[in-house]
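Please keep the viewer open as you read.

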Amino acid sequence: MTDAMTSTPAVAETASADVMLEVRDVAVRFGGIVALDGVSFNVPRGAILGLIGPNGAGKTTLFNCLSRLYIPNAGDILFEGQSILSTAPHKIADLGIGRTFQNLALFSTMPVLDNIMVGCHSRSRSDFLSNAFRLPWVRREEAVLQDIAWELIDYLDLGDVAHTPAGGLPFGVQKRVELARALASEPKLMLLDEPAGGLNHDEVEDLADLLLQIGKDRDITVLLVEHHMSLVMAVSDVVVAIDFGRKIGEGTPAEVQQNPEVIRAYLGTSD
């Protein structure tokens with residue numbers, strides 16, 4: 001605990017307007033199991049940061065801390081310079097943080113358009129009573145949100161399936177629908193949890209191109225958790241590697257690929 005406390009000022013000194021997200025000495029324990037052990041790194045504004053590590057390294061635990069599904073036992077997480085640890089989970093989207101999930105979380109019986117509208121509604125001002133009475137301003141707001149949803153449908157080439165229930169679509173298309181729903185909240189930071197999971201080689205290449213294009217077109221900062229190393233190395237500006245809850249490497253993709261500790265974690269040898 002002493003190390004975590006003494007390292008925090010050093011991290012704070014590096015904070016600036018160019019940093020979107022700061023993870024400061026975050027520790028998470030589940031009983032006697034240490035899931036995260038003093039992990040620290042910064043996500044530069046406008047960058048794609050790839051977070052890698054073997055199964056059980058703590059990547060999803062960290063994502064759940066960022067989403068406020070878990071509360072760290074120690075450390076802090078700052079978004080645009082402000083701690084998010086006191087923010088309610090349902091308010092995270094209001095801050096400008098969007099997320100996709102490793103296991104698809106779509107409404108399978110709802111059409112693609114309606115699934116994307118769910119993401120839009122995180123920005124809605126309406127409440128139960130105003131919706132029940134269908135007040136004029138609610139109808140105007142709904143029309144604006146629907147326009148946003150249709151723009152994303154066009155952007156992600158989902159027009160042919162816009163009125164099709166999401167659950168019956170090919171897996172790769174469902175991934176794009178979930179990405180569209182995350183974009184619908186107009187996030188500043190997008191957390192992508194295994195977006196290439198279940199995709200074939202061509203679909204992974206298309207996803208890499210799409211992530212680079214989204215960052216360019218929409219000025220979105222991305223934190224990417226992914227096992228598919230070719231995707232991570234192709235799109236990431238910075239890569240952070242963790243193993244057994246500890247950070248073992250950080251740098252450019254080329255630097256991390258040559259890091260002996262990272263090689264050892266994945267291959268069991270540094271030779």
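## Ground rules

Helices (H or I, at least four residues) and strands (E, at least two) are DSSP runs, numbered from the N terminus. This is a predicted model, in which local features need pLDDT of at least 70 and side-chain atom pairs count only at pLDDT 80 or more, while totals for chains, interfaces and linings use all residues. Residues are numbered from 1 along each chain as its sequence is written, and side-chain values use heavy atoms, with hydrogens and water left out.

Let us begin with isoleucine 116, which is found in helix α4. Its relative accessible area is 0%, so isoleucine 116 is buried (buried means under 20% relative accessible area, exposed over 50%, partly exposed in between, with a 1.4 Å probe and protein chains only). Leaving aside neighbours within four places in sequence, isoleucine 116 is in contact with Ala149, Leu152, Ile153, Leu158, Val177, Ala180, Arg181 and Ala184, where contact means heavy atoms within 4.5 Å. Between isoleucine 116 and glutamine 146 there are 30 residues in sequence, and the C-alpha to C-alpha separation in space is 8.9 Å.

Valine 112 also has its place in helix α4. Valine 112 is buried as well, with a relative accessible area of 0%. Beyond its neighbours within four places in sequence, valine 112 is in contact with Leu158, Val161, Ala162, Thr164, Leu169 and Val177. Glycine 159 lies 47 residues from valine 112 in sequence and 9.3 Å from it in space, C-alpha to C-alpha.

## How α4 meets α7

Helix α4 covers residues 112–120 and helix α7 covers residues 171–184; the two pack at an angle of about 30 degrees, with axes 6 Å apart. Axes are lines fitted to C-alpha atoms, for helices over the stretch in contact, and angles run from 0 to 180 degrees between N-to-C directions. α4 and α7 are therefore roughly parallel to each other (angles under 35 degrees count as roughly parallel, over 145 as roughly antiparallel, 65 to 115 as roughly perpendicular and the rest as oblique).

Which residues of α4 and α7 meet? From α4 come Val112, Asn115, Ile116, Val118, Gly119 and Cys120, and from α7 come Val177, Ala180, Arg181 and Ala184. The residues of this contact divide into 7 nonpolar, 2 polar and 1 charged, where Ala, Val, Leu, Ile, Met, Phe, Trp, Tyr, Cys and Pro count as nonpolar, Asp, Glu, Lys and Arg as charged, and the others, Gly among them, as polar.

## The four-stranded sheet

An open sheet is formed by 4 strands in the order β2-β1-β4-β5, with antiparallel pairing; two strands pair if DSSP finds at least two bridges between them. At the edges stand β2 (33–44) and β5 (82–83), each with a single partner strand, so one side of each is left without a neighbour in the sheet.

β1 is mostly covered, with 10 of its 12 residues buried. β1 runs antiparallel to β2, and 8 bridges join them; here arginine 29 stands opposite valine 34 in β2. The hairpin of β1 and β2 has 2 residues between the strands, and glycine 31 takes a positive phi near 65 degrees in it. β1 is also joined to β4 by 5 bridges, again antiparallel, and alanine 27 has alanine 74 in β4 as its bridge partner. Strand β4 (residues 74–79) and β5 run antiparallel and share 2 bridges, with phenylalanine 79 opposite glutamine 82 in β5.

## The six-stranded sheet

A further open sheet has 6 strands in the order β6-β7-β8-β3-β9-β10, and its pairing is mixed. β6 (97–99) and β10 (246–251) are the edge strands, each pairing on one side only. From one strand to the next, the twist averages 20 degrees. β6 and strand β7 (residues 189–193) pair in the parallel sense over 3 bridges, and glycine 98 stands opposite methionine 190 in β7.

α2 packs on this sheet, touching β3 (48–52), β6, β7, β8 (221–225) and β9 (238–243), and its direction makes about 145 degrees with that of β7.

## Helix α2

Helix α2 (residues 59–66) also lies across β1 (19–30), β2 and β4, running at about 115 degrees to β1. Is α2 enclosed or exposed? 7 of the 8 residues of α2 are buried, so this helix is largely enclosed by the rest of the structure. The buried residues include Leu62, Phe63 and Leu66. After α2 comes arginine 68, whose phi is positive, near 70 degrees.
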